[in-house]
Amino acid sequence: MSTSPHVVSLFHADTSTFTHVVCDREGGRGAIVDPVRDFDPASGRIAHTAADEVIAVVQRLGLTIDWILETHAHADHLSAAPYLKSRLGGRIAIGRAIGEVQAIFEPRFHPGEPLPAHGPRDDGFDHLFDDGDTFAIGDLQATAWHVPGHTPADMAFAVGDAVFVGDTLFPPDVGTARCDFPGGDARMLYRSVQRLLALPDDTRLFMCHDYPPTGREPQAVCTVADERRHNIHIHEGTSEAEFVALRQARDATLAVPRLILPSIQVNIRAGQLPPPDVNGTSYLRWPLSVA
């Protein structure tokens, strides 16, 4: 089986998010990782400009899409997974621990719709991965890794010599993801990152986000060696205690993500928008906190 996938990365500047198209070969089979739906919170306008760019790449490469992979339930953008599935096919998949995230957030956004105690639920996901599950993308062998810390449900997807790391690592000069969301844990993130940094030096790590310093273009990929030697938060020799102290201190200074309220309530349901009301319009909920 092929061990070096072809990857095309697209950067969504408004949310600083990378979407990746990974395939075994031109004219072969592929997967889409972390697709973005355009959303303007001031007007409520939803568009599919970014997703249509992904479709254009898939069509240019002549791919059949097997999977639409979510590394986690994002808090900074709305997923375009359902839109892409309707046009390209593929199965929408995420880690099984998404159930923990749903249990945290569903009561906040959908208090009249309790989660079932047992059995499946219609949340839009076609497949839930457990740690170590293997799957195929055409001739490519892929493995799902549970890498919690940013959230309880973060996954990384190893496809040949490429790993799609989600919100575990950013480019070395940006560091690592925050851990202060409900269910986040800096100690767990440290251990998840160590799993990634134990890979061979030349393993390609594909980012979900970049927030580049002035003068640098967004960086979609770096190597394990780059991260191990130069990551400003968790380079080689950083102890767990040092990382936890740094991460917690930094998280205490961070603002709430601009799109967290619309993103979470959509993304815990695989990017599905709320069903239309009687007037044909869908509405997002905006929980209020009164001081």
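**Aromatic pairs and a surface patch**

Colleague: W67 and F129, buried or exposed?

Modeller: W67 is buried, and F129 is too. Buried is under 20% relative accessible area, exposed over 50%, partly exposed in between (1.4 Å probe, protein chains only). This is a predicted model: local features need pLDDT of at least 70, side-chain atom pairs pLDDT 80 or more, while totals for chains, interfaces and linings use all residues. Numbering runs from 1 along each chain as its sequence is written, and side-chain values use heavy atoms, without hydrogens and water.

Colleague: How many aromatic pairs in the whole structure?

Modeller: Nine. Phe, Tyr and Trp rings (six-membered ring for Trp) pair with centres within 6.5 Å; planes under 30 degrees apart are stacked, over 60 edge-to-face, the rest tilted.

Colleague: Why is the W67 and F129 pair tilted?

Modeller: Its planes sit at 45°, so it counts as tilted; the centres are 5.4 Å apart. W67 is in strand 6 and F129 in strand 9, 62 residues apart. Strands (E, at least two residues) and helices (H or I, at least four) are DSSP runs, numbered from the N terminus.

Colleague: What does F129 form with F157?

Modeller: An edge-to-face pair, 5.7 Å between centres and 65° between planes. F157 belongs to strand 12, 28 residues from F129. Both are buried.

Colleague: Which residues do ring pairs link into a cluster?

Modeller: W67, F129, F135 and F157.

Colleague: New topic. Where is W286?

Modeller: In the segment after helix 7 (260–267). W286 is partly exposed, at 47% relative accessible area.
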